[in-house]
Amino acid sequence: MNTEKIIIFDTTLRDGEQSPGINLDAGEKVEIALMLEGLKVDVIEAGFAVSSPGEFDAIKAVADVVKDSTICSLSRAVERDIDLTAEAVSGAASSRIHIVLATSPIHMKYKLQMTPENVLEHAVRAVAHARRYSEDIEFSCEDASRSEPEFLARFVEQVIKAGATTVSLPDTVGYATPYEYGKLFTYLRDVVPNADKAVFSAHCHNDLGMAVSNSLEATRQGARQIECTINGIGERAGNASLEEIVMALHTREDFFRCQTSVETRRLTAASRLVSEITGFVVQPNKAIVGRNAFSHQSGIHQDGMLKNPLTYQIMTAAEVGADEYRLVLGKNSGRNGFRMCMRSLGVEFGSDADLDRAFSRFKDIADQKASLCDEDLLATVVGMEALSRESHIA
């Protein structure tokens, strides 16, 4: 089976940090960047250089220590921004300048207060200026999903002609559906004459909960870079989640026919580090890295897992660096799950009758408590030795 490489562009340190309540200092950025390098992320967007002197210094610090990933910084389509961005990433072994300018009618009219022709001229000048510093230039057509397709096609053609090597089509406000977003990539790759001269990139927000789906559909329609964040952190409802995208491509390589260079066994550790530094708690049922991602409480599920884990898991916990799957006992659990959990506590039942009595006690307790501790489970067999010397309850 032929597969194609997907470039993973991590923007945890830029778009992720734009989450209200997150403020990373230089040391924290370096720590996360080194983790991302170990994760084998292809591109690390270290920040927005012009936003503050401290941000500029933090980007420089990241660029100085990371050797195996490309370091990039975001820039407005303004020469002063581009100059600062180029200086901030100049110490990197591999660097990129990332320019952003809006292309949707609502952004051009109300935010930029520029005509479409002026926006296009502005973008071309910005790319030409950035080319003085680097041959690796990414251009993001902000709010691409709400842009007029014909204008966007002309715009993309011109920025590629000016020297952009990556073109990003952000779903900036999380408005697109997978069908619409994928169709945008297909359309541009079909009608832009020089589309083959640049890598097309997906950048999706999660306002309608479709950031990951949109990103994955983009890969099916020709995108070869995905922009995402650890734990899906980001403005408003967040960005596409790196760990979900990576594992979707990994687990369903047969469908997407794409692969990444990410070291999946480090995903859980990466998630925990970002959560610890930012203070943003990962929800228990978060896909891939949530505490419950590999936990099973239903009796039917537990029975299936004990017989063959593939019955209820499409990936192993080890693949993402998590602890092995857990059987969590609750009122929905069954006898097999109860028996196995008791065995882990050193309790063996000598007969089915002993198991039935203990299981009945367990159900009484489970009906009263949302979570059970070891002491609760052991309480189900208290005094049972006296009932049956042959039960071998330890």
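**Stop one: the barrel**

This is a predicted model. Colour the strands: eight of them close into a barrel, in the order 2-3-4-5-6-7-8-9. Their pairing is parallel. On average, neighbouring strands of this sheet are turned by 25 degrees against each other, direction ignored.

Select strand 2, residues 7-10. Two bridges join strand 2 to strand 3, and the two run parallel. Now pick Asp10 and look across to strand 3: its bridge partner there is Ile44.

**Stop three: a helix on the sheet**

Select helix 8, residues 178-191. Helix 8 packs on the sheet, where it touches strand 7 (166-171) and strand 8 (199-204). Compare directions: that of helix 8 makes about 160 degrees with that of strand 8.

**Stop four: the buried side of helix 4**

Move to helix 4, residues 79-88. Which residues of helix 4 are buried? Show Asp81, Ile82, Thr85, Ala86 and Ala88. Around the axis they cover an arc of only 160 degrees, so they lie on the same side of helix 4.

**Last stop: the annotated domain**

Select residues 6-268, which UniProt lists as "domain: Pyruvate carboxyltransferase" in an unreviewed entry. Over this stretch the chain is 45% helix and 19% strand.

Notes:
Residues are numbered from 1 along each chain as its sequence is written. This is a predicted model: local features need pLDDT of at least 70, side-chain atom pairs count only at pLDDT 80 or more; totals for chains, interfaces and linings use all residues. Side-chain values use heavy atoms; hydrogens and water are left out. Buried means under 20% relative accessible area, exposed over 50%, partly exposed in between (1.4 Å probe, protein chains only). Helices (H or I, at least four residues) and strands (E, at least two) are DSSP runs, numbered from the N terminus. The arc is that of the directions from the helix axis to the C-beta atoms. UniProt positions are given in the numbering used here, feature names are shortened, and annotations may be inferred rather than shown by experiment. Two strands pair if DSSP finds at least two bridges between them. Axes are lines fitted to C-alpha atoms, for helices over the stretch in contact, and angles run from 0 to 180 degrees between N-to-C directions. Contact means heavy atoms within 4.5 Å.
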